[in-house]
Amino acid sequence: MPSALDFTDAEVAYFGVGSPVGLPMIFALEMGKVKYVVKKMDGETWGAMKASTPTKVLPVVTLTDGFKIVESGAILRAVGAATGALGDGRGHAMSEMLMGLNADMVKKVFPHVKTVFTSEWSDAKTAASKAASDEIVAHMQKYAQFLASADAFTASGTSVGELDTYGKLLNFSRAYPEMVVPALQPFMDRMAAVPEINAVVDGSSAWGPMPLYVTPFP
Ligand SMILES: N[C@@H](CCC(=O)N[C@@H](CS)C(=O)NCC(=O)O)C(=O)O
């Protein structure tokens with residue numbers, strides 16, 4: 001395992017939207033009880049900051065020594081290394097297997113969904129998106145074989161891979177409820193009941209309201 005960075009007092013810049021990109025790393029910070037600084041961006045503050053960021057996208061985490069970490073997966077794993085959520089042995093492998101499956105989930109689903117920022121939509125787009133459902137559900141069926149118990153993939157149940165799975169599935173299942181195949185429902189229910197995770201989703205964390213990024217099809 002890599003030696004861990006110290007995220008204490010790190011500034012975490014992200015939008016006030018609970019997206020499949022940002023939610024997992026926020027879950028990891030909250031689960032790890034990291035004393036970080038929330039920098040919640042909106043259109044105006046982001047417009048002023050964007051040009052100065054390394055990759056012109058958020059999230060950006062700035063450690064107290066000025067080191068900046070970009071890329072949500074890198075932040076998630078670095079926070080996981082600092083908080084024990086990377087897992088070890090089989091738990092680490094399982095968590096990384098989920099990360100890989102989730103990357104494929106994103107590729108299959110993201111092009112089809114409507115988000116809070118989508119301005120134009122049509123019935124034809126909804127029909128085209130729904131036509132992708134079978135392939136998406138077939139992907140989600142692959143997860144069940146890896147469950148270590150009825151509702152968890154690892155012994156901790158909150159490895160970075162599980163946090164990533166939950167953050168992404170919470171969003172994408174707004175468009176495709178069928179993505180939560182029956183075998184995954186206990187996992188989703190357990191994760192929803194974790195107080196730190198629930199606080200981010202229900203808007204009672206330091207981030208305040210975080211409406212989900214993906215919306216149901218109209
Ligand atoms: N690969 C990047 C993608 C980051 C990304 O797409 N960020 C979006 C928000 S989820 C963003 O900053 N959009 C604002 C913009 O492009 O101006 C990551 O995983 O961190």
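The protein chain holds nine helices and six strands; helices (H or I, at least four residues) and strands (E, at least two) are DSSP runs numbered from the N terminus. The model is predicted: local features need pLDDT of at least 70 and side-chain atom pairs count only at pLDDT 80 or more, while totals for chains, interfaces and linings use all residues. Residues are numbered from 1 along each chain as its sequence is written.

Overall values for the protein chain are as follows.

| Property | Value |
|---|---|
| Radius of gyration, over C-alpha atoms | 17 Å |
| Box of the C-alpha atoms, along the principal axes | roughly 50 × 45 × 30 Å |
| Buried residues | 35% of the 218 residues |

The radius of gyration agrees with that of a compact globule of 218 residues, near 17 Å, under a rule of 2.2 Å times the number of residues to the power 0.38. A residue is buried if 20 or more other C-beta atoms, placed from the backbone, lie within 10 Å of its own.

Just after helix 3, G84 takes a positive phi of about 85°.

S72 is also among the residues surrounding the ligand, together with K50, E71 and G73; each such residue has its C-beta atom within 6 Å of the ligand.

How values were computed
A residue is buried if 20 or more other C-beta atoms lie within 10 Å of its own, exposed if 12 or fewer, and partly exposed in between; C-beta atoms are placed from the backbone.
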